[in-house]
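Please open the structure in a viewer and follow the stops below in order. Each stop names a selection and then states what is found there.

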Amino acid sequence: MLEQLSDFSFLNRAAAFSIPEILIALFVSLALGLFIYIVYTKTFRGVMHSSSFGIALVAMSLITTLIILAVSSNLLASLGMIGALSIVRFRTVVKEPLDLVYLFWSISVGIVVGVGLIPLAVIGSLVIGLILFVFVNRRVNDTPYVVVISCAGEDAETQSLQILKSQTKKNVVKAKSVSKDGVELTVEVRLKESSSQFVNSLLGVEGVLNATLVSYNGDYYM
């Protein structure tokens, strides 16, 4: 029975990699995938990171390693894989640019480990992780914000702009909407020492109905 099974050509082609080699490649890919997941959680800048995205990063490195092992051992498998992947379409919207970095990093690790360049994958991942830790977690004091001010008249508008000029590092009027109910200003500002106390000063101006400070990443203060 075993002799008959050994006559099948696809079983002979599957013997290109030994079981220990496959397990080593998968183990290294898993370890690096977990490292990518840890870096992702430590450098995430939002309120709550997506656990499913982190698991996808680990799975992506493992799946890519399997694909590369199959492709590198058999020409027919490589051609079939190209045809299969050409019909796959991913329609999930990636909102954060850094998410693309982690996805590409995970895929790259799977490719490098799959072709047997394990030292390159390990050293490269350590360097990339260190760079992300340094630059992503670095605090930037010159973050742009947008202030939306609702004023009842021109006097309130003038006083509001004077407060912004004196209590912010830089301010530029981006939009101005005038209606019978009053004036709405949209001003881009750069904060002084990350202080947002000037918003409270705006509400103290007679004629200012509402003041909102909004950051470009979606966080806002009322």
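Helices (H or I, at least four residues) and strands (E, at least two) are DSSP runs, numbered from the N terminus. The protein has nine helices and five strands. The model is a predicted one, in which local features need pLDDT of at least 70 and side-chain atom pairs count only at pLDDT 80 or more, while totals for chains, interfaces and linings use all residues. Residues are numbered from 1 along each chain as its sequence is written, and side-chain values use heavy atoms, with hydrogens and water left out.

**Whole chain**

Begin with the entire protein selected. From the N terminus on, the order of elements is α-α-α-α-α-α-α-β-α-β-β-α-β-β. Of its 222 residues, 29% count as buried; buried means under 20% relative accessible area, exposed over 50%, and partly exposed in between (1.4 Å probe, protein chains only). Contact means heavy atoms within 4.5 Å. Among contacts between residues at least 6 apart in sequence, 68% join residues at least 24 apart.

**Helix H6**

Next, select residues 97-114, which form helix H6. The expected span of a helix is 1.5 Å times one less than its number of residues. For the 18 residues of H6 this gives 26 Å, and the end C-alpha atoms are 26 Å apart, which agrees. Buried residues of H6 include Leu-98, Tyr-102, Trp-105, Val-109 and Val-113. After H6, select Gly-116, whose phi is positive, near 95°.

**Helix H7**

Move on to residues 118-136, helix H7, which has 19 residues. From first C-alpha to last, H7 reaches 26 Å, close to the 27 Å expected at 1.5 Å a residue. Which residues of H7 are buried? They are Ala-121, Ser-125, Gly-129, Leu-132 and Val-136. Seen down the axis of H7, the buried residues fall within an arc of 65°, so they line one face of the helix; the arc is that of the directions from the helix axis to the C-beta atoms. The cover over these buried residues includes helix H3 (19-43) and helix H6. Turn to the other side of H7, where Pro-119, Leu-120, Ile-123, Leu-130 and Phe-135 are exposed.

Now select S1 (residues 144-151) and S3 (residues 182-190), which run antiparallel and are joined by eight bridges. Two strands pair if DSSP finds at least two bridges between them. Tyr-145 has Val-189 in S3 as its bridge partner.

Within S2, select Val-178. Is Val-178 buried or exposed? Val-178 is exposed, with a relative accessible area of 61%. The C-alpha atoms of Val-178 and Cys-151 are separated by 9.6 Å, and the two residues are 27 residues apart along the chain.

**Helix H8**

Finish at Glu-157, in helix H8 (residues 154-167). Glu-157 counts as buried because its relative accessible area is 10%. Leaving aside neighbours within four places in sequence, Glu-157 is in contact with Cys-151, Lys-176, Val-183 and Leu-185.
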